Each structure stands twice: as C-alpha cells, then as structure tokens.
Amino acid sequence: MSSYAIELLSAAHDRVGFASGLESVDRYFREVARGHLEKGVSITRVLVGANAGSPKPVLGFFTLSGIVVEAKPWPGAPKGLPSQAVPAVLLGRLAVAAVHHGKGFGAMLVAAACQLAHETIVRTGGIGLVVDAAHQQAASFYVGFGFKPVSPDQLRLFLPAKSLAGTAIIPRG
Ligand SMILES: CC(C)(COP(=O)(O)OP(=O)(O)OC[C@H]1O[C@@H](n2cnc3c(N)ncnc32)[C@H](O)[C@@H]1OP(=O)(O)O)[C@@H](O)C(=O)NCCC(=O)NCCS
C-alpha cells in the first residue's frame, strides 16, 4: 500500500510541475504560497508520496490562515455569538493534481485541514472552519464533508468547531 506525508511547503517541493486544472489556484500555488508562508500571511501544506525523490512531486495542497467573520446568523454557528466579528480558521485554497483526481486525495486534504483547524481552535479559540470555494462544483465537494453554505452566492461555506475533530481518511489510489 502507498503511504503519504503532509509537509509544510518548502523548496524541496516541485511547485512548477503542479497543475490541478484550475489556473487561478495553480498560479497561487506556484507564485504566491511560499512567500505568504514566509511572511506569516497563511500556511500551505502539501501532500507527497512518503518516499518521493527530490524535487518532490506535489499530489495536492491546502492553505490555512486566520480570519474574523460576522457569523451570528450562520447555520451551525454557536448560539449567542456576539454581533461583532469573531475568530475562525480559513481554508483559503485546496487542490489536487489533475492526474490524481478521483483517488481520495481531496478527501485526505480536507481531513488534514479539519484536524489542523481543530488543533488551532482548541489552543487559541475560533468558531470553526470557513472555506471560500472557487466555483459551484467545488462548493458541492465541500458540502459532501458537512460544510454548509453561508453566503448568498453559496461559495462561502462553514463547518462548526464541534464537527472538526474527525477520523483520518484513507486515499483510494
Ligand atoms: C475538487 C478537488 C479538490 C477534488 O479532489 P479529488 O482528489 O478528485 O477528490 P476525492 O477523490 O477525494 O473525492 C472525495 C469526494 O468528493 C467528491 N468530489 C470530487 N470532486 C468533486 C466535485 N468537483 N464536485 C463535487 N464532488 C466532488 C467525490 O465524488 C468523492 O465523494 P465520495 O467519497 O462520496 O465518492 C479536485 O477536483 C481539484 O483539485 N479540482 C481543481 C481545483 C479546485 O477546484 N479546488 C477547489 C477550489 S477551493
């Protein structure tokens, strides 16, 4: 059985060779993600084969950062939230290399993002994990993991803190 690792994005990873099929996300990964990590704007982690040679081919990635949101009316938000903005974790981007779509890697990345968001929230507070889906199909992908749309265009979705601690998801491929 293949084994995988989730690592902080670094110079050891092949950013240039990554292509998910969604150009805006790929450009962010190739050109912006490392700089944001170095500056503390956001943290990008990559999924790689456990025994990958250098530079390591990237199977997928996701990016987390802090966010403040006015979530009082959101479905699943805790009761009695203050009216002003409250802290949460943002899953800003997530993608799988196109040649590996349909193998369960996307689910694996969502599970890892949820676990990290849970660990952050139990240490520093936060009401849950917010995701900004790039398009409607991506929004349906997140709905499959229990996220609920919270914006009129349905592209911002939310998973409350109590739903974040889950079990590991094993890829199919
Ligand atoms: C969306 C994406 C991350 C899915 O990754 P993946 O590795 O192919 O997904 P998985 O194989 O882990 O599938 C997990 C589940 O999601 C479902 N799913 C996969 N892609 C989906 C999509 N586009 N829409 C709805 N559901 C989807 C699968 O059917 C599967 O459900 P199941 O377990 O009930 O069979 C991948 O297609 C991708 O990187 N797309 C381009 C970039 C992008 O759109 N990113 C989202 C931007 S926020």
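Predicted model: local features only at pLDDT ≥ 70, side-chain atom pairs only at ≥ 80, totals over all residues.
**Exercise 1. Work out which residues are closest to the ligand, and what kinds of residue surround it.**

Residues are numbered from 1 along each chain as its sequence is written.

Step 1: Sort the shell by type. You get 11 nonpolar, 9 polar and 2 charged residues. Here Ala, Val, Leu, Ile, Met, Phe, Trp, Tyr, Cys and Pro count as nonpolar, Asp, Glu, Lys and Arg as charged, and the others, Gly among them, as polar.

Step 2: Ask where they sit. Strand 6, helix 3 and helix 4 each supply at least two shell residues; helices (H or I, at least four residues) and strands (E, at least two) are DSSP runs, numbered from the N terminus.

**Exercise 2. Find the order of the strands in the sheet, and its edges.**

Step 1: Trace the order. 7 strands make an open, mixed sheet, 1-3-5-6-7-9-8, with two strands pairing if DSSP finds at least two bridges between them.

Step 2: Spot the edges. Strand 1 (4-8) and strand 8 (148-149) each pair on one side only.

Step 3: Check one pair. Strand 1 and strand 3 (residues 43-49) run antiparallel over 5 bridges, and Glu7 has Val46 in strand 3 as its bridge partner.
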